[in-house]
Amino acid sequence: MSDILKYFRQDRLPHIWCPGCGHGTVTGALVRAIARLKLDKNKVCVVSGIGCSSRAPGYLDFDTLHTAHGRALAFATGIKLARPDLKVIVMTGDGDCTAIGGNHFIHAARRNIDITTIVMNNNIYGMTSGQYSPMTPKGFLGTTAPYGNPERTFDLCKLAEAAGATYVARGTSFHAQMLIDLIEQALTHRGFSVVEALTQCPTYFGRKNKVGGAVELLEWIKERTVNAKAAAVLPPEKVAGKLLIGELHKNPQPEFCDEYDKIIAQVQRKFEGFRGGVRGCEQNSD
Amino acid sequence: MPSAKLMQGNEACTIGALVAGLEFYAGYPITPSTEIAELCSEELPKVGGKFVQMEDEIGSIAAIIGASLTGKKSMTATSGPGFSLMQESLGYASETEVPVVIINVQRMGPSTGMPTSPAQGDVMQARWGTHGDHPVIALAPGNVKECFDLTVRAFNLAEEYRVPVIVLTDEVIGHMREKVLLPDWEDVKVVDRARPTAPGGYRPYEADLDGGVPLMAPFGQGYRWHVTGLFHDETGFPSGKADVADRLLRRLDRKITKNEKVIRDYVTESVEDCEILVVSFGSSAMSALSAVRRARREGVKAGMLRLKTIWPFPDEVLKDLSRNAKAVLVPEMNLGQLAYEVERTVGCRAPVVRIGKVNGDLFRPDEIHDKIMEAAK
Amino acid sequence: MRTEFRLSGSGGQGLLLAGIVLAEAAILEGKNAVQTQSYGPEARGGASKAEVVISGEDIDYPKAMDPDFLLALTAEAYRTYGKLMKKGLIIVDESVPPSEDIIARTARVPILKTAAKDIGKSVVANIVALGVLAGVSGIVEPGTLEAAVKNRVPKGTEELNVAALKKGFELATAFKAKA
């Protein structure tokens, strides 16, 4: 326990999350993964946007940045590219990441910039009190989906993979040990890594949809997921309609900051002793 | 020895930024600012700096704020539509006191407008574009040399006061080429943000409540501090307390109002005895100056005040210069934005004449000259 | 003494580059020069205009008010800007038909043909035109303009462009002899 406590700003606790919220479990999993890897506190930077999930960095004893809604990955891109030696982690929610921040998400994945993104997916906008998100299952209720959500959801992990993320995994707050492992893998992967963490919001999602409290929601999460490895050998009827959990995609590729450093190495050599001064000639002719 | 060169405004902005210590650029292509991005992409890696073309202007300003938090001087460049998209994080930079420079090469709006035509319609957006009261500084170069000078100054002011600084140029000045003699780089004054010396006891937002500027630690150096767009106390952590919010916002505002005299920058011509005062900025001021000089030759007591700092607006200077004016003329390529400030400042001392031009063309000097002669009657 | 030049034609003809070279040459001779432009959204085609103001004194207004010289490489540019010419001289490609409502003196010069036939590259018509403009106006020394051309044209094309410039000067000399 003591090896993880040192990564918390203990004077900032208690946190603002509701009783039974899964975000503490996910944050705990991240810190446990960091502790296992013995990361230097001074070389980790955690960035978030807006929402319940985005309050997590405030409780963590690193350089932490709480930004605007959806923008965490864009701020993180600036930090990482400016200081590639830092371990940059983004903590985001399903609305923050896939709705307002969707464009930044797919482009960070496309660049394969070395950022670990942990998406706390509780299928709802919690902080604004229960509106439906792009991850609210069809037919479920939200305060803005009073007759049942007519929209479809993203498959966040497939979206990440298609956009170019080079490590993609899905865990849950029910499978806490597995979540630590997955985040640990993501943190050691050089490139854009995504861990979708299914988590429970008893206050809004559970209550509104009459699924129940935290325990029932954890049961619900357990029932709608199946381990990706097990799924490979299970009969199709046991897998149908369920979300796979575990490591879903791993495909190491050249990382963006490394590629940019190669450009620097190339042109700095070419312009040795360069002290600025812009080209004087080739301009567009019109 | 530096020699005179034919140089473009956008090019001079880029060189100014590099001389001021630019290390990080993030941007999204938009006419008529794109040369700045192109030159930064070419020059920055040569000096070990970084360039990234983001997915949009929202991401661009976010990325430069992130980079600035690591201690690197950072900039983006854009035009009206992109500047609109940047307003969200412009407010973030104000609230969190992260120095950044934004060059806005203005074009005709609203909306897509006339992408290749000049305008000066972002005067008010530069001041009030983002929500809430917030400190900003906006500088307006009046020629190519000033694109260099004021970009350097934008970085210096951003670093000194920890505010976003906007350089408001326009399509004419951005694309215009003229003879420019740049100073020797070693002679250019460059300011760097004040940093704490050791992490122990660091309180990131501790500062004199009367417009003090807190010390800024770079990320990744052991300070482990928290930055949030929520109202926060001296520790940097969020606070919903009324007195904390009040204290912070008043301090942010005082950073600028208290230092207005230092931040102000303007040039005058023939104002000593002037009866017709022309107040202008940017490319409109070039036409205005030509008109003022012609009116003088014709015996009219015309004078000119050209603002190089638009925000904060130099109330005192204008009050002083308009004391004996029979009329104050404000030519600008919009329907009267700077004029609001001029009207407010001049009050009932003299009539303020708005001379707006919104057809995508620069003023011809005779258009302003006619108005001077009319006012002098 | 303020001298104003307007170079007009269509996008992609390199008029902006010609304007830049002219302004640079003036600066190399210690004069003041300002070059401005206006253009449409098209990278190629569409109307394009570059202006250069050269003066021994301070230049306050950067654009041409009443040009001393207009170069028009297309019929459209000739009609549009030729009409505005009160004084000064228009230099137009010989292929452009005359227009009745243009009162300013017009020099018809085989710019496009010279570039295509004599140099063998239509793309250098802008530099041929620049030679004509400089030769007729006498605003800068040929040697200075040649240096400015070498500074500004893409690397590897210097020889070609200098040849084009010289042809332009020859056309100017021929025009002046005729006039």
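**Exercise 1.** State which residue of β2(C) stands opposite Arg177(B), and how the two strands run.

*Solution.* Step 1: in β2(C), the residue opposite Arg177(B) is Gln35(C). Step 2: β9(B) and strand β2 (residues 32–39) of chain C are joined by two bridges and run antiparallel. Two strands pair if DSSP finds at least two bridges between them. Strands (E, at least two residues) and helices (H or I, at least four residues) are DSSP runs, numbered from the N terminus.

The model is predicted; local features need pLDDT of at least 70, side-chain atom pairs count only at pLDDT 80 or more, and totals for chains, interfaces and linings use all residues. Residues are numbered from 1 along each chain as its sequence is written, with chains lettered from A and ligands numbered from 1 in the order in which they are written.

**Exercise 2.** Describe the side of chain B that touches chain C.

*Solution.* Step 1: chain B and chain C each put 18 residues into the contact (C-beta atoms, placed from the backbone, within 7 Å). Step 2: the elements of chain B that give two or more residues to this side are β6 (114–118), α7 (171–175), β9 (177–180) and α10 (282–297). Step 3: α10(B) gives the most, five residues. Step 4: by class, this side of chain B has nine nonpolar, four polar and five charged residues. Here Ala, Val, Leu, Ile, Met, Phe, Trp, Tyr, Cys and Pro count as nonpolar, Asp, Glu, Lys and Arg as charged, and the others, Gly among them, as polar.

**Exercise 3.** Characterise the packing of helix α3 (residues 111–119) of chain C on helix α4 (residues 125–137) of chain C.

*Solution.* Step 1: the axes are 8 Å apart, at an angle of about 125°. Axes are lines fitted to C-alpha atoms, for helices over the stretch in contact, and angles run from 0 to 180 degrees between N-to-C directions. Step 2: α3(C) is therefore oblique to α4(C), as angles under 35 degrees count as roughly parallel, over 145 as roughly antiparallel, 65 to 115 as roughly perpendicular and the rest as oblique. Step 3: Ile111(C), Leu112(C), Thr114(C) and Ala115(C) of α3(C) meet Ala125(C), Val128(C), Ala129(C) and Val132(C) of α4(C). Step 4: this contact divides into seven nonpolar, one polar and no charged residues.

**Exercise 4.** Decide whether Glu159(B) is buried or exposed.

*Solution.* Step 1: Glu159(B) lies in helix α6 of chain B. Step 2: Glu159(B) counts as buried because it has 23 C-beta neighbours inside 10 Å (buried at 20 or more, exposed at 12 or fewer, partly exposed in between). Step 3: leaving out residues up to four places away in sequence, Glu159(B) touches Pro99(B), Val191(B), Asp192(B) and Arg193(B).

Definitions and conventions:
Two residues are in contact if their C-beta atoms, placed from the backbone, lie within 7 Å.
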